[in-house]
Amino acid sequence: SHAMHTLSPPLMYSPHTPHGNREKFPRENNYIHQGANQIMPRSYNPSRAFCLATEEDKNWLSEFLCYVRLHCIEMICASHHDVSSRMGSKKLKLGQVGIRCRFCAHAPARRVRRSSTFPSSICRIYQSITMMLRDHFLECPFMPNEEKEMYTSLRRDTSQGTAGSKNYWITSAKTLGLKDTPDGIFMDDGRHANETP
C-alpha cells in the first residue's frame, strides 16, 4: 500500500540533512534531489520545492494537518518565473518562500483559487494554509480522487490539533531554516534561492 493510504504520517527526514530512507518515500525524494514536478518542462517553472512536514508533526498536529503538510502542499522559493508573473500588489522577490498545492504546481493553465501563496511572515503560514484548505483543494482538478477521499475523510474526523499547535507552525518553520525579513520569508542561508535558475 502507498504511504498516502496510511492514516498516520510516515516518519520524515529533515529536508536539509542526508537521509537513508529515500526508497520508502519516493515522492519526498523528488523534493530534494530532482526538484518537484518532473513531469513538466523545466523551462516552465523552475521553482525548487521542499517539504514542510517533519517527524514532530504527529506530536502537535491533527492527523488531517499532518496529511496536508506531507501530501498536499510544498514549500517553494520564488523563481524568476514566479517573480515575473506576479506584479503589482503581489510582487515577489527572487528566493522568497511560499506555499503551493503540489497537485497543480505543474499545470501551465490557469489554476483554481489559492493554488499558491507567499505569506508575509512565518506567523502567517498557518493562516495562509487554512485559506488554501478552505478554497483550493476540493476544487483542484489535478488532485487525484483517492487523495480527495483521504483529505475529506481526515478533515471530517479531525480537530484543529493540540493546544499550542499554532506556535508549532512557527517553530517548525524556523527549524527548517526559514526566517522573516522585511521582504517576506526566506531561507536563512539562501540555499534554495541559490539553486533557482
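The following legends describe close-up views of a predicted model.

**View 1. Packing of helix α3 against helix α5.** Helix α3 (residues 63–72) and helix α5 (residues 125–135) have axes that come within 12 Å and cross at roughly 90 degrees. The two helices, α3 and α5, are therefore roughly perpendicular to each other. From α3, the residues Phe64, Leu65 and Val68 meet Tyr126, Ile129 and Leu133 of α5. This contact of α3 with α5 comprises 6 nonpolar residues, with no polar and no charged residues.

**View 2. Packing of helix α3 against helix α6.** The axes of α3 and α6 lie 8 Å apart, and the helices pack at an angle of about 155 degrees. Because angles over 145 degrees count as roughly antiparallel, α3 is roughly antiparallel to α6. Their crossing is left-handed. On the α3 side, Glu63, Phe64, Tyr67, Val68, His71 and Cys72 take part, meeting Glu147, Met150, Tyr151, Leu154 and Arg155 in α6. By class, the residues of this contact are 7 nonpolar, 1 polar and 3 charged.

**View 3. The largest nonpolar core.** This core contains 36 residues, and those with the most contacts inside it are Ile125, Ile129, Phe137, Tyr151 and Leu178. Two or more residues each come from α3, β2 (73–77), β3 (97–101), α5, α6 (145–156), α7 (165–175) and β6 (184–187). The greatest contribution, 6 residues, is that of α3.

View 4. Beyond its neighbours within four places in sequence, Phe137 is in contact with Cys72, Ile73, Cys101, Phe103, Met132, Met143, Lys148 and Tyr151.

Definitions and conventions:
Residues numbered from 1 in each chain as written. Predicted model: local features only at pLDDT ≥ 70, side-chain atom pairs only at ≥ 80, totals over all residues. Heavy atoms only, no water. Axes fitted to C-alpha atoms, helices over the stretch in contact; angles between N-to-C directions. Helix = DSSP H or I, 4+ residues; strand = E, 2+ residues; numbered from the N terminus. Parallel < 35°, antiparallel > 145°, perpendicular 65-115°, else oblique. Contact = heavy atoms within 4.5 Å. Nonpolar A, V, L, I, M, F, W, Y, C, P; charged D, E, K, R; others polar. Core = buried A, V, L, I, M, F, W, Y, C linked by side-chain atoms within 4.5 Å. Buried < 20%, exposed > 50% of the residue type's maximum accessible area, 1.4 Å probe, protein only. Left-handed = near helix turned anticlockwise from the far one by under 90°.
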